[in-house]
Structures are given as structure tokens and as C-alpha cells.
Amino acid sequence: MNNKYHKMKYIVMLGLFAAGANAADIEAGKAKAAACQGCHGVAGVSSSPLWPSLAGQSAVYIESQLNKFRNGQRENQVMKPLASGLNDTDIQNISAYYASLHGKSAGSSDANLVKLGKDKAAMCLGCHGNNAQGMGMVPKLAGQHPQYLAKQLTDFKKGARKAPQMNALAQSLSDDDIKAVAAYLGSL
């Protein structure tokens, strides 16, 4: 029995050591992310409605998306070559860096649209969290630029972006619904 205890203790300690050895390096991620600032903004807050803010996204989600860009599962003419130049460690470090930052609300200039979108966005919150803060592999939507969110929802609706649950949900939204949902989520 004592021998089993020591073996188990050794395995647990080895596992903890290995996990620590693979921990992401936020500072290395910050250095690598310098190339991302042109689109995703300084400290991960995009100033352009064309590009998402990455600050505060979960590391798991960012890592997943970078891998999809790298292997062609997600198509984007800008992201594909950038992601292709990253190795797994780079992706982990960049993801940890952006996850360590605090996001900022993009806001919305149309209070009526925000109010309409709040009711429609209820269907989003089951997966994206009560405040659209994201959870693990599900992205944070709160504070993203409404134009960016509307484009993504439209791409899901048309099938240009593929995710079965999102494709089905987006099909149920009119163009006006998409604008309202995007305005609400951007205001958070």
C-alpha cells in the first residue's frame, strides 16, 4: 500500500511539473502580439469595426481560432498567413496574453436599437454567458463593435462561417434583428 502511495505521489508531482513546463508565457505572447496591434488594437482593443477586440477573450477560444486560421478551417486572407507563421507555443503565448487583458465596451449610439436587441439577445446568453462574457470555447461578445458582430452573424446566416448551432440560430434572425442584437452586445 505504501508503495502505491509513493507511485501515485510521483505521478502527480510529475504531472504538476509537466503542466508548469507547458505554461504559457504572457510576456512572450505580448512581444509576438505586436504584429496583431494594427488590426486588433493596442492592448487588444480594436479601434476599427472591421476587426474584433481580443482583450479578455478566453485563451482557449483564441487558441482555437488561431489554429483554425492556421489549418484553413476558418478562412481569412489576412489571418491565414499570419497564423501559418506561428508555432503551437506562439499561439499559446499570444492567447494567454490577450486573455490577461481587460476589454472595453465599443458602445452603441442607438439606444432604441440596444433596447430591441436586449430581448433578442437572450438566445445568445445561454452559451455566451449571462453578460455575453464568453465561456471557454465560446467567445466573449460583450463590447465588440456592433458592425463586426453584425458581419459575423450575417456570415453564420449565409453559411460563410460554419458552426452548426450558430448557423441555425442566425437563420432565425432577420437583418433588423441582427443589427439590434449586435447593437446590444456592443453596448455591454
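This is a predicted model: local features need pLDDT of at least 70, side-chain atom pairs count only at pLDDT 80 or more; totals for chains, interfaces and linings use all residues.

Biologist: Fine. At what angle do H9 and H11 cross?

Modeller: Roughly 140 degrees, and the axes of H9 (residues 146-158) and H11 (residues 175-187) come within 8 Å. Helices here are DSSP runs of H or I with at least four residues, numbered from the N terminus. Axes are lines fitted to C-alpha atoms over the stretch in contact, with angles from 0 to 180 degrees between N-to-C directions.

Biologist: And what do you call that, oblique or antiparallel?

Modeller: H9 and H11 are therefore oblique to each other. Under 35 degrees counts as roughly parallel, over 145 as roughly antiparallel, 65 to 115 as roughly perpendicular, and the rest as oblique.

Biologist: Which residues in H9 and H11 meet?

Modeller: H9 brings Pro146, Leu149, Ala150, Leu153, Thr154 and Lys157, while H11 brings Asp175, Ile178, Val181, Ala182, Ala183, Leu185 and Gly186. Contact means heavy atoms within 4.5 Å. By class that contact has 9 nonpolar, 2 polar and 2 charged residues. For the classes, Ala, Val, Leu, Ile, Met, Phe, Trp, Tyr, Cys and Pro are nonpolar, Asp, Glu, Lys and Arg are charged, and the others, Gly among them, are polar.

Biologist: How do H7 and H11 pack?

Modeller: At about 95 degrees, with the axes of H7 (residues 111-120) and H11 7 Å apart, so the two are roughly perpendicular. Among the H7 residues that meet H11 are Leu113, Val114 and Leu116. That contact divides into 7 nonpolar, 2 polar and 4 charged residues.

Biologist: Back to H9. How does H9 sit against H10?

Modeller: Their axes come within 7 Å and cross at roughly 95 degrees, so H9 and H10 are roughly perpendicular too. Leu153, Phe156, Lys157 and Lys158 of H9 touch Met166, Asn167, Ala170 and Gln171 of H10.

Biologist: Switching to holes. How many cavities of 30 Å³ or more?

Modeller: There are 2. On a 1 Å grid over the protein atoms alone, a cavity is a set of points where a 1.4 Å probe fits but cannot get out, and lining residues have an atom within 4 Å of a point. Points are joined across faces, edges and corners, and a volume is the space filled by probe spheres set on them.

Biologist: What lines the largest cavity?

Modeller: Ser53, Ala55, Gly103, Lys104, Lys140, Ala142, Gly143 and Gln144, around a volume of about 50 Å³. The lining has 2 nonpolar, 4 polar and 2 charged residues.

Biologist: And the second largest cavity, what lines that?

Modeller: Met123, Cys124, Leu153, Met166, Leu169 and Leu173. H8 (122-128) and H10 (164-171) each give two or more residues to that lining. Its volume is about 40 Å³, and the lining has 6 nonpolar residues, no polar and no charged.

How values were computed
Residues are numbered from 1 along each chain as its sequence is written. Side-chain values use heavy atoms; hydrogens and water are left out. On a 1 Å grid over the protein atoms alone, a cavity is a set of points where a 1.4 Å probe fits but cannot get out, and a pocket is an open set with protein on both sides within 12 Å along at least five of seven lines; lining residues have an atom within 4 Å of a point.
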